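These are my notebook entries on a structure that I looked up.

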Amino acid sequence: MVENRRFLNILAHLVLILGVAFVAFPVYIALIASTHGQNDFLSGVIPLLPGHDTIRNYSAMMTQGLASSGAPPLWLMLGNSLIMALSISIGKIAISIISAFAIVYFRFPGRMIAFWLIFVTLMLPVEVRILPTYKVVAELGMLNTYAGLTVPLIASATATFLFRQVFLTIPEELMEAARIDGAGPMKFFWDILLPLSRTNIAALFVILFIYGWNQYLWPLLVTTGTDHYTIVLGIKRMADIADQQPEWNFIMSTVVLAMVPPVLVVIFMQRLFVKGLIETEK
Amino acid sequence: MSTKRNTFRHRTLPYLLIAPQLVVTLVFFMWPAAQAVIQSFQQEDAFGLSTTWVGFQNYQALFADPDYLNALKVTVVFTLGVTAMSLGLALLLALAVDRMVKSATVYTTLLVWPYAVAPAVSGVMWWFMFNPTIGIFPYLLRMVGYDWNHGLHGTDAMILVVLAASWNQISYNFLFFVAGLQSIPASLREAAAIDGAGPAKRFWTITLPLLSPTTFFLLVVNFVYAMFNTFATIHATTQGGPAGSTNILVYKVFNDGFIGLNLGSSSAQSVVLLFIVIALTVVQFAWVERRVQY
């Protein structure tokens with residue numbers, strides 16, 4: 001800030017308060033809706049103040065799900081989402097860090113080709129190869145399995161580049177010292193590289209956890225039975241009843257529960273989140 | 001390509017290390033993408049029993065198809081709408097936060113979390129708020145005499161999906177704009193202020209030009225986001241309707257291939273999308289190279 005202008009300061013606060021209101025309003029409406037009974041949504045306008053059915057809505061969704069639209073109990077879908085988010089984030093980090101290690105610390109025939117193959121995956125999002133990828137997964141018998149949900153998503157050019165960048169900034173002397181002391185490549189990796197990239201791993205984990213939790217198109221293709229539904233996908237199934245009023249109170253309690261884990265991760269690990277976001281776009 | 005001056009010598013280890021990444025890449029990325037390219041030149045008969053080589057016929061049919069041309073037009077409108085709205089609001093909020101001394105971190109925390117909300121989830125929330133019978137916004141709009149119905153009016157549906165998709169993206173743009181603003185040396189603005197330039201003049205002649213690398217980068221990222229990552233927003237809300245008015249390209253590929261089972265056309269559409277991604281990636285990386293130099 002260059003000079004102190006009262007009018008501009010007030011204006012800035014006003015803009016920010018309106019901005020916060022804009023981002024918070026949909027969530028407020030969802031929270032309020034999840035505290036009301038079914039009858040409050042039949043006519044008039046959606047409620048703006050809390051109701052009395054909070055416990056009933058959430059406990060019904062957690063234990064029974066929504067039978068009318070074939071949605072399983074929420075704890076099951078939350079568990080699936082957690083499994084998916086964790087396997088994708090850990091899987092991506094694991095295979096990317098070892099391939100970056102190979103690319104930076106070894107010289108071997110085919111190194112450039114491998115690097116470019118990984119790079120090209122940036123240009124092949126699921127959206128442009130929906131059907132053939134589905135076919136591959138189907139032929140491998142991976143439909144409706146956790147492996148099918150996660151393995152095809154764990155290749156990552158961004159994570160590999162990030163770790164390559166990190167390794168390139170690590171001083172040569174560390175490796176030379178380790179070699180003089182008789183450490184082999186894997187010992188060097190475990191005892192020096194891994195501890196040195198700890199914060200990068202944590203920052204990347206935050207970003208990838210959100211990425212994995214919020215997957216939509218892929219679970220939509222790969223799961224046909226309800227036992228592998230993720231919560232984000234489950235919401236859609238509930239809202240999707242053709243000839244019937246959607247049960248908004250139940251849908252909105254699911255919406256709230258689907259938001260809570262990733263939003264908490266961002267709020268409590270904000271510094272790592274911002275670091276991860278900015279690093280992965282370099 | 002750079003590596004360490006000294007490297008480890010080992011014959012098999014590097015291959016073992018890189019194998020998992022390469023296997024996943026080849027099996028789930030390269031092979032399916034190659035299949036899509038091949039199938040885009042083929043036609044399958046109605047029973048899926050035989051395929052014939054048809055050259056560029058699928059592409060010709062595609063660009064003669066009014067539905068596809070409509071999807072192209074819808075995608076352009078949607079992408080520009082999402083980009084303009086999320087970039088504009090994010091820049092405004094970033095400029096406001098940049099003035100704050102004590103409350104900047106609090107406001108930042110309150111503004112960044114929508115990034116963590118799944119596009120499908122935000123889609124359902126906006127869908128609910130705009131529900132024509134019980135939604136809060138149609139209720140308010142009725143008071144001023146506007147009959148909102150995204151199930152019937154294409155424009156209403158487009159506004160709805162643009163709002164839902166922008167809502168998710170604002171926090172991302174906001175963080176990058178804040179970082180961009182902080183990297184502009186305060187001395188430049190102070191010098192301009194001493195020379196008598198007011199806040200508006202300083203914004204147009206100093207802040208905005210120096211922010212242009214960030215803006216350009218965000219422009220590309222937002223194009224990619226609006227074109228490829230908003231499938232969930234569309235699928236969870238309008239499903240391309242009414243009458244194709246929100247049928248963006250990625251939704252159409254899914255619909256024609258997965259629901260309509262039109263293999264040839266869907267593959268041709270995939271290949272068109274592939275070229276769009278390649279073009280955007282090249283632009284993005286060309287920019288990164290340039291930025292590193294100065």
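Entry 1, chain A and chain B. I took contact to mean heavy atoms within 4.5 Å. On that basis 114 residues of chain A and 105 residues of chain B take part. I worked from a predicted model, in which local features need pLDDT of at least 70, side-chain atom pairs count only at pLDDT 80 or more, and totals for chains, interfaces and linings use all residues. Residues are numbered from 1 along each chain as its sequence is written, chains are lettered from A and ligands numbered from 1 in the order in which they are written, and side-chain values use heavy atoms, with hydrogens and water left out.

I next looked up the buried area, which is the accessible area (1.4 Å probe) that two parts lose on being put together, summed over both. Between chain A and chain B this is about 10,100 Å², with 76% given by carbon and sulfur atoms. Helix H1 (residues 6–33) of chain A supplies the largest share of the side of chain A that touches chain B, namely 18 residues; helices here are DSSP runs of H or I with at least four residues, strands are runs of E with at least two, and both are numbered from the N terminus. I sorted that side of chain A by class and noted 86 nonpolar, 14 polar and 14 charged residues. Ala, Val, Leu, Ile, Met, Phe, Trp, Tyr, Cys and Pro count as nonpolar, Asp, Glu, Lys and Arg as charged, and the others, Gly among them, as polar.

How many salt bridges cross the interface of chain A and chain B? I found zero, a salt bridge being a side-chain nitrogen of Lys or Arg within 4 Å of a carboxyl oxygen of Asp or Glu.

The domain assignment, automatic or from a database, gives domain 1 (13–53) and domain 2 (58–293) of chain B. I noted about 650 Å² buried between domain 1 and domain 2 of chain B, 57% of it on carbon and sulfur atoms. On the domain 1 side, B:Gln39, B:Ser40 and B:Glu44 lose the most area, together 54% of what that side buries. Between these domains I again recorded zero salt bridges.

In one, A:Lys275 pairs with A:Glu279, their closest N and O atoms lying 3.0 Å apart. Both residues belong to helix H14 (residues 270–280) of chain A and are four residues apart, about one turn of the helix.

I also counted 41 aromatic pairs over all chains. Rings of Phe, Tyr and Trp (its six-membered ring) pair if their centres lie within 6.5 Å; planes under 30 degrees apart count as stacked, over 60 as edge-to-face and the rest as tilted. The pair of A:Phe115 and A:Phe161 is tilted because the planes stand at 35 degrees, with the ring centres 5.4 Å apart.
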